[in-house]
Amino acid sequence: MALTISQKCKNIHPSVTLAIDSRAKQLRSMGLDVIGFGAGEPDFDTPKYIKDAARDALDAGLTKYTPVAGTLELKNEIQAKLLRDNDLEYELTDIIVSTGAKQCLYNALCAILDPGDEVLIPSPAWVSYPEMVAMAGGVPVMVKGAAEDGFMVSGAELAKHITPKTKALILNSPNNPTGCVLPEALLKEYAELAVKNQFYVISDEIYEKLIYDGGRHVSIASLGEDIKAQTIVINGVSKSYAMTGWRIGYAAGPKNLIKAMTSFQSHTTSNANSIAQHAAAVALTNGERFMHESLMEFTARRNLMYDMLSGIEGLKCTLPSGAFYMMLDISYLIGKSVNGKTITGSDDFASALLESQMVAVVPARAFGDDHYVRLSYATTREKIIVGIGRIAEFVKECH
Ligand SMILES: Cc1ncc(COP(=O)(O)O)c(C=O)c1O
């Protein structure tokens, strides 16, 4: 046998954000003032009451293996949260805690997919979905939503992509990278299709707490018993409680599926971190004030970034309703040149912007649309003012 790397791993696409990211780090290490709009996490620190809970967990000796699917304490809090916030009633055996929402997603896909099964993914979509589907042996089927429709895919459009091999649909509302929040009427259309054609819905609700202008999050699973029976709700504490590094996510869904996900996890990573589980349980009991304050700050940042970007001639963006990302339409600059280089797509735009103005953005080719870049406003207002000012300068340099 040769010492080769598996085809499965070779098929994984390298992250296109990586090149920009490492160049930005390189420039920073040279002492240059790089403004980063790439962050996928809140810039706030984890609230003190959660950090204190982690210290308490250590002092109490919560340092051993926990049940694979999570501690009773945390599962109780998750159960209460799902009822309180989402009107969803689950038994404790319908819930699993994992090392981040990311692991829940991968566990779920591994538990449902057989080779060749298709998974519908409305796009622009988070880069990890198609990669995870492929790693789990499935076939990602990207269904593109147009900017003029708020990047949302209608039920009729989705229906065109349903085949006898369709095993699941991945929804993400509020959405990374578009910031769109799926309205209840559209969720109803998706639910009808899922029930009629008997495929699972994997509903990634990780940005649930970041919805602006009084908008309301609706979980597709809450629309009826039949759709609930075939939906896996995915959530976690990363984005809502500024706990990205703690790695706690959870899933709730049909009992047999949660059982399969638990078996799968038992042989890969076992339980999620015991100290972080206690901290997450405490986080879920008492985060309203922190979340209210962070939502206010994100609202101010979103408005600031949107107003500034909208004032730059040629560029277009849509005001996001949720999450902390904004898609910037750079079509106007495609074909133009800067510093002797032609911008042919979002990768060129991002690297030219970084080299000439020291501003890092994420090329949206990774998300399925090469005429856009994604900007995260999980950064300070001061940096937004300086960074968008530099983007305005950059646009002037293009001809
Ligand atoms: C849409 C989406 N889902 C899930 C995750 C991962 O969440 P976690 O930190 O809980 O693994 C991210 C992180 O960027 C995300 O953007």
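**Entry 1: the cores.** I looked up the largest nonpolar core, which has 71 residues; Phe37, Ile202, Leu375 and Ile391 touch the most other members. I note that this is a predicted model. Helix α5 gives the most to this core, with six residues.

I then followed Ile391. Leaving aside neighbours within four places in sequence, I find Ile391 in contact with Phe37, Ile312, Leu315, Leu353, Val359 and Leu375. Another core, of 29 residues, lies apart from the largest one. I list Ile50, Tyr90, Ile95 and Ala283 among its members. As general background, nonpolar side chains tend to be buried together in soluble globular proteins.

**Entry 2: helix α10.** I checked the span of α10, residues 255-266. At 1.5 Å a residue, its 12 residues should span 16 Å, and the end C-alpha atoms are 16 Å apart, so the two agree.

Which residues of α10 are buried? I find Leu257, Ile258, Met261, Thr262 and Gln265. They cover an arc of only 140 degrees around the axis, so they sit on the same side of α10. Asn256 and Lys259, on the other side, are exposed. I also looked up what the buried residues pack against: β2 (95-98), α5 (101-112), β6 (200-204), β7 (231-236) and β8 (249-252).

**Entry 3: Tyr332.** I placed Tyr332 in the loop between β10 (325-329) and β11 (337-338). Its relative accessibility is 39%, so I count Tyr332 as partly exposed. Not counting residues up to four places away in sequence, Tyr332 touches Glu313, Gly314 and Val395. Gly314 is 18 residues from Tyr332 in sequence, yet I read 5.6 Å between their C-alpha atoms.

Methods:
Residues are numbered from 1 along each chain as its sequence is written. This is a predicted model: local features need pLDDT of at least 70, side-chain atom pairs count only at pLDDT 80 or more; totals for chains, interfaces and linings use all residues. Side-chain values use heavy atoms; hydrogens and water are left out. Helices (H or I, at least four residues) and strands (E, at least two) are DSSP runs, numbered from the N terminus. Buried means under 20% relative accessible area, exposed over 50%, partly exposed in between (1.4 Å probe, protein chains only). Contact means heavy atoms within 4.5 Å. The expected span of a helix is 1.5 Å times one less than its number of residues. The arc is that of the directions from the helix axis to the C-beta atoms. A nonpolar core is a set of buried Ala, Val, Leu, Ile, Met, Phe, Trp, Tyr and Cys residues joined through side-chain atoms within 4.5 Å.
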